[in-house]
Amino acid sequence: MMRLRISIGLLALIPIMFGAISAEQAIVQSSTEQKSADSNLVLAQGPVAQPQTEDDRPTFFDGIRGIIGDSPAFDDNDATESLVESLNRAEKAYKEIRQSNREAIRGMNRQVRVGTARQSPHIVVITIPQLRFDQLTSMTRLSGIRNSGMTFTNYYAPADNLTSSRWSYLTGNLAAKSPAEGRLNRKESLAESLWQAGYETTLIGTWASNQHPVELGYDHWTGFPSSSGVVARYPEFFFTQTTRAKIMSDSDSAQSTSHQLITDEVTSFLKRHQRSSRQFYLHVGIPFLQGVKSEENIQEVDNAIGQIVDSLNTLGLAGRVCLIVTGETSHQIAADVDKNLPVVDEKLTYSKSGTNEGNLRTPLIVFWAGRAKRGSVSDFPCTGIDLLPTLMNVAAARKTPQGIDGVSLISEIQGSDLDVERLLYWKMKDGDQVARRGRWKVILREGQKQLELYDLERDPSESTNVAKKHPDIVDSFVVDSKPQQPLDSQTL
């Protein structure tokens, strides 16, 4: 049996069968229009666990309650109730002190924002469940950000599902390493890393894991649990930290949509931090709306992005922020493409298998006043794993997570070519596997033994399988399976 060669650290061996910047440094808008293909959206709400701060073992206070309940000395109901009430207050105070001590210990090594670190920008990351290059020209507000900054045309969605994609984004590792349900350790999280770097960390919008955001380094979370990135247009509930708040409709006014709730919360957050001396990291997960066609969803998302941009401009924050907008997941939409895609300027193709470039690529747009050149483009192959090291560099973090798969894109953002060639890898939900290194891309279909090879530099539409012409390139992706592979030659 053969296996795909890929250096991804701790993975076990798995068989291959498998705008311009104005004088005020504002973000400028533009206007264009184009229709986009329809897609099916499935609602998949999921529970959000409470933050785990205490284990389930009996405590000292439980023991005292047991004694009170079992002893005949406490037959006086009034006295017993008073004692239990006092005990409950004492337990609550004890837990608060214990949690405070834990936070104090956690913050002992937190970076102090001095020197260069004091000059680093606020960070705002806006993510969209899916975003295709052919949809860009119909998104006038997003086009304004693109014209004011840099667009990465060879940026790939980390995975074909939101849970794995978020895990990859938060850890800087390939989604193939993601454990069941996308669970991760707090110390591995981008949010925790930026918190340790001295940033305030906030999430507003969708959350795809059954772990609570506060568990993973976010100071605050307001939004909706959704493993698909799709929510109801008019939600019944809204989460704030651990509180599940019911939304009461006002008969005298129209009920707010999910997007309006999110943008209102973002605006409130930005107003509170307009003159804050501490930098913040704000992740805004804008959802799609259930039962809404793709074209309308994209317009709704674009409007939400526009409201966030307006708030940044109005509050004078645009010149002090690094703003990133990108799609989160790949898709399995098949469509005929008869012309070059916007920005990419290549004819990328789409397929139901989801393995084509049009399916896997999603725009990554970066606005950073004075750093990302207006209207610039980068064709460096990258994906969601690269955002963690990039944002740690943007934050001038003293400590950056080591041993991750991602590389920092900060040199590309600032106009210098990044001279790194590494292997990017995806395993699709139907079993197909895809890998890219430099100009070469291979696909291994589920149930097949022969790899397809495409030269993306000469053939971006993947019209010709050149595996037979370049057996040496194929061999560089594939090795024979042998027992006890050396650790420096991990394979798939």
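Colleague: What makes a residue count as buried, and what percentage of the protein does so?

Modeller: A residue is buried under 20% relative accessible area, exposed over 50% and partly exposed in between, with a 1.4 Å probe and protein chains only. Of the 492 residues, 53% count as buried. This is a predicted model, in which local features need pLDDT of at least 70, side-chain atom pairs count only at pLDDT 80 or more, and totals for chains, interfaces and linings use all residues. Residues are numbered from 1 along each chain as its sequence is written, and side-chain values use heavy atoms, leaving out hydrogens and water.

Colleague: How do you know what span to expect of helix α7?

Modeller: Helices are DSSP runs of H or I with at least four residues, strands are runs of E with at least two, and both are numbered from the N terminus. The expected span is 1.5 Å times one less than the number of residues. Helix α7 (residues 294-314) has 21 residues and reaches 30 Å from its first C-alpha to its last, close to the 30 Å expected. Just after α7, Gly316 takes a positive phi of about 75°.

Colleague: Why are β2 and β12 called paired?

Modeller: Two strands pair if DSSP finds at least two bridges between them. Strand β2 (residues 122-128) and strand β12 (residues 321-327) have 7 bridges in the parallel sense, so they meet that definition. The bridge partner of Ile123 in β12 is Cys322.
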